[in-house]
Amino acid sequence: MRKPLVAGNWKMNKSVAEARELISALRPKLDSIRDVEKVLCPPFTALAAASTLLQDSGIGLGAQNMHWEEKGAFTGEISPAMVKELCNYVILGHSERRAYFGETDQIVNRKLIAAQAFDLIPIVCVGETLDQYESKLTREVVSTQTSSGLRGVSPDFAARMVVAYEPVWAIGTGKASNGLEANAVVKDVIRPALADLFGMEIAQTIRVLYGGSVTAANAAEFFGQPDIDGALVGGASLKADEFAAITKAAAG
Ligand code: PGA
């Protein structure tokens, strides 16, 4: 049985003070929700404060990105060792990283290997753009992103990693995919690609989230799908009530 996971990707939002405020509002709401793994991913600058506020909460903390090298002359980058000091999760290959910062499947894979070395649970994002969707290339694109981006890790580590299927056209647009269509991509494309890499048994234990305009109003539609194990939430994770309602929906 795969335990549902709901992660909030705050993106480039919230000062340290604002992060403190949001976490204080979230704690009482999330603490009472059982049987769901909860993860918050604030910007780097708020991670230290967040990690203090989340101590003993059962709420995980994740970074939104990292470099693959442990240390060195990489101005402006944050290393996996630094992330590991504060976090237990890291988002890798988000479509905004791919679109605006040139991240390729090869770069995503290097970061994945680094996550394994530092025992960080990766939330690896895959998903097609609007052009690709309209050209009916979804399956091809998502299959390649999965098999190139997620290869080369041990079966043990693979079983613990998380994949997020995020159609790019659904991110931040208010135009979510629908449960059936998203489930079909996870079931027919992502899990088979994972099975090719790690075998069927492990592919069945890897949690696959849906992301893209998830709200309290549409979350249950996605969580009701057999192959969708939770959500990666952007905009709606910045509002305590909304994020708590989505998390509650994942508890069933
Ligand atoms: P959104 O973002 O929920 O604002 O669409 C999701 C994401 O980018 O992970």
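D105 first. In this predicted model, D105 sits in helix α5, residues 105-117. Setting aside neighbours within four places in sequence, its contacts are R98, T144, Q145, S148 and G149. Is D105 buried or exposed? D105 has a relative accessibility of 14%, and the cut-off for buried is under 20%, so D105 counts as buried.

Next, another charged residue, R207. R207 belongs to strand β7, which covers residues 207-211. The relative accessibility of R207 is 11%, so this residue is also classed as buried. What does R207 touch, beyond its neighbours within four places in sequence? The list is R2, K3, P4, L5, E37, M161, V162, V163 and D229. With E37 there is a side-chain to side-chain polar contact of 2.8 Å. R207 and A164 are 43 residues apart along the chain, and their C-alpha atoms are 8.4 Å apart.

Strands β7 and β8 run parallel, with two bridges between them, and G211 has L232 as its bridge partner in β8. Strand β8 also pairs with β1, residues 5-9, again in the parallel sense, over four bridges. Now the side chains and faces. In a regular strand, side chains alternate between the two faces of the sheet. In β8, residues 230-233, G230 and L232 point one way, while A231 and V233 point the other way. Which of these four are buried? All of them are.

Nonpolar side chains tend to be buried together in soluble globular proteins. Here the largest nonpolar core contains 66 residues, and M161, Y165, I190 and L194 have the most contacts inside it. Which helix gives the most to this core? Helix α9, residues 179-198, does, with eight residues. Another core lies apart from that one; it has 13 residues, including A7, V39, I91 and A164.

Now the ligand. How many residues surround the ligand? There are 13, and the closest are K11, H94, E166, G172 and S213. For H94, a side-chain N or O atom is 2.6 Å from a ligand oxygen. For E166, a polar side-chain atom is likewise 2.6 Å from an oxygen atom of the ligand. For S213 the backbone is involved: one of its N or O atoms lies 2.7 Å from a ligand oxygen. On its own the ligand has 280 Å² of accessible area, and the protein covers 95% of that.

Last, two backbone angles. Most residues other than glycine have a negative phi. D35 is not a glycine, yet its phi is positive, about 65°. D35 is in the loop between α1, residues 16-31, and β2, residues 37-41. Its relative accessible area is 58%, so D35 is exposed. The second case is D56, also not a glycine, with a positive phi near 60°. Where is D56? D56 is in the loop between α2, residues 47-53, and β3, residues 59-63. With a relative accessible area of 79%, D56 is exposed. By contrast, D105, where I began, is buried.

Notes:
Residues numbered from 1 in each chain as written. Predicted model: local features only at pLDDT ≥ 70, side-chain atom pairs only at ≥ 80, totals over all residues. Heavy atoms only, no water. Core = buried A, V, L, I, M, F, W, Y, C linked by side-chain atoms within 4.5 Å. Buried < 20%, exposed > 50% of the residue type's maximum accessible area, 1.4 Å probe, protein only. Pairing = 2+ DSSP bridges. Contact = heavy atoms within 4.5 Å. Polar contact = N/O pair within 3.5 Å; in protein donor to acceptor, adjacent residues only side chain to side chain. Near = heavy atom within 4 Å. Areas by Shrake-Rupley, 256 points an atom, 1.4 Å probe, with all protein chains shown as cover.
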